[in-house]
Amino acid sequence: MIDHHLPKVASWLKLMVKLDGDDDEYTIFYCNPLECIKALYGNPAFTDKMAFAPEKQWSDEEKTSRLYNEMHTGNWWWETQDKVNTPGATIIPVIVSTDKSQLTTFSGGKEAYPAYITIGNIPKSIRRKPSLNPQLIFAYLPTEQFALKNLSKQDQRCAKARLFHAAFKEIFKSLEVAGREGVKCSSGDGKCPCLPKSLGVYAHTDDLRTQSQTLRVLRVASKAGNQKQEESILQQQGVTGVLEPFWKNLPHTDIHQSITPDILHQLYQGMIKHLTRWINRIIGPKELDQHLQRMPPNHSRRVYPKGINGFSRLSGNEHRQLSKQLLGCLIDYAEPAVINAALALLDFLYMAQYQSHSDDTLVYVKDALYRFHLYKKVFIKLGARDGNNFNLPKLHSLLHYVGAIKLFGTMDNYNSETTERLHINFVKEAYCASNCRDHIPQMVIWMERQEKIESFAQLVKWREEELKEESERASQEPESDNNRRRKMPTPVQVSDGISRRIQLAKLPSDPFVPVIKLIQDYGATHFTCSLEAYLRQQHNSLRGGAHAAYIPTRVPHTLPATSVPVWHRIKLAHENVQGMECIQDTQDAIHVYLARSKQDYGGSQTLHERFDTVLVNEQGQAEVTGAKGLRVAQVRVVFKVPHEICMAYLGPHEAHWPGYLVYMEWFSRLKQSPERDHRMFRVTQEQEDRERPEGAAVIDITSIVRSCHLIPQFFYDSPVSKSPAKNWTSQNVLEECTSFFLNNFLNQQSYQVIW
């Protein structure tokens, strides 16, 4: 049924390629990329969200500062659209990515070389979601190693490059005609036919070599008298030995513009990898591991109970996690120049990942790179960097980030992290579905069937939603929406001007926790007096209002209940501070629970007790960005006041009763400005502060702004040894240490708002 009755997304074809001077034939399986483009362009699920024309967005009414986010807000789309003379024609930017992937881990050495395709008309928020099928696999390229042909390593590399170009030259033939003459396409609703005159692989230009210059070098090399002279000419110009590149006849394509900046491989697996190695050498692997082992947990960071030096290899995600903590490991351990260099590189990393840039923020990106170059020599001075220079290609690539953003929008339009995830769907699962022998043809058949099923399922889902919307519009009855909302936990309403959603489970994690247990086990030492103080304040404010007649005249001397319902987790979703629809919300969570066992995959796992730290809008004066009005606190209990207590203090009307409350212990207030070298705020919490009733409070849950991560000041109590206290662990450091730094590198949201 799947093979004969469901329509194809694109037909898979088989191609045999031969190289000059080689008798062997190499097999390529591919789809016509033009069919893939039409399928993506005509997907009805994307129709209402796609971009068909360039835009210029501004951050101010005077239009002095441009905004760059989606691809159609960049200059490349404008420049290319100007070249199209056909009325009603639009641009379809073609984004192609390739990367080899291992199919076997310990044996066999099998690998696949997939190629993926998508279009820039689809918003980046959709392109990064594999479940919506915004990217298609359109080729399995050859993976031959040429190791058995008695070739030198240089000749093997050249043979691989020639095979790569020969394959794509055949695959992209349909795009050559489409780019020159245009091709008719219809969007998913069938109402918007258009004639794309340009299909181009996009990238950036920053005084790079032009494609015509490279073609001129190739022509000169092809006329050389012998192979040695040809290789000499190409080597002098830094050009590979492929005289007929696949991009030679592709319209609107410049190969020197096609390699876009890449956060994953150039920053996380590039410069952050180097920075980690340099810091490891400066402070020592033992000290670095000790620092990481003692960092308190947080929803947005990974805990390293054994450090990182035992890892055989650190992935891109590991370097992402380390970038959140490296600066804190240097404080008080390294000289200021090292801290300034690390801070500059981290500033560049975090600012480069903004999902919306302005001309002003791009100036900050340039400044961060300038500061790194200003301080980088300290790594050579201290022996952390091998050699006496910084001739790193990935460091050089950072020079082109600002230009790329201005031309094609922000980095998340073309970051390779998205396509790395596709290997699981299009390569790993396809290989597992084969019998592992002559696997590529079987993977192709499996992929073709999967594409049919997913495409049909997506069409059915889209049509069901359309019918539901039509039915609701006809009846004008929103009950279905209400029914859908009843299944979800009710979000807590927040009205302090800081955009966020707070959500808890409908039912408490523990419905009856004795107050004595909160005091003894949860560490809520002043729970009773803090709750009484909160209720008296609410009582007094209601007694002076319009409903004073319904409020008890007297309050009890003791709480009329001995237990309260407790929640173990608070979920938050932070809306972006720039107010852009194209920027996704930041997910956050606050964990508050005692040590317990958890059943996991048939076994039990011990979860250590955890009481997270948060930023609180103490007086209701905090702003969207900046640390003004915020105060750090450690949450001990998340609870609701039982009915009998509410009745005794606030009367019978539930509208007067408080919602979710939090008992927490305060840290010292933030200073007006952060520390000079590392730009983190320092906070303290002495033991005597915890013992005083004033050091704790019960507040409404809506006063919590976000979770926060505190970095211990590791040798604040023993500056001579410069070593963390041996009894500190990730679980007890918040109680044992007294001085901390507020980590503003926890995630993108924290970086933009805590300063």
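Two strands count as paired here if DSSP finds at least two bridges between them. Everything in these close-ups comes from a predicted model.

**View A. An open sheet of five strands, with antiparallel pairing.** Reading across the sheet, the strand order goes S1-S2-S9-S8-S5. At the edges you'll find S1 (12–18) and S5 (94–98). Each of these has a single partner strand, so one side of each is left without a neighbour in the sheet. On average, neighbouring strands are turned by 25 degrees against each other, ignoring direction.

**View B. Zooming in on where S5 meets S8.** Strand S8 covers residues 114–119, and five bridges tie it to S5. The two strands run antiparallel. To pick out one of the bridge pairs, look for Val 94, whose partner in S8 is Ile 119.

**View C. Helices H2 and H18 lying across strands of the sheet.** Helix H2 (residues 33–41) lies across S2 (25–31), S5, S8 and S9 (136–140). Its direction makes an angle of about 45 degrees with S8. Then there's helix H18 (residues 417–432), which lies across S5, S8 and S9. For H18, the angle to S8 is about 130 degrees.

Definitions and conventions
Residues are numbered from 1 along each chain as its sequence is written. This is a predicted model: local features need pLDDT of at least 70, side-chain atom pairs count only at pLDDT 80 or more; totals for chains, interfaces and linings use all residues. Side-chain values use heavy atoms; hydrogens and water are left out. Helices (H or I, at least four residues) and strands (E, at least two) are DSSP runs, numbered from the N terminus. Axes are lines fitted to C-alpha atoms, for helices over the stretch in contact, and angles run from 0 to 180 degrees between N-to-C directions. Contact means heavy atoms within 4.5 Å.
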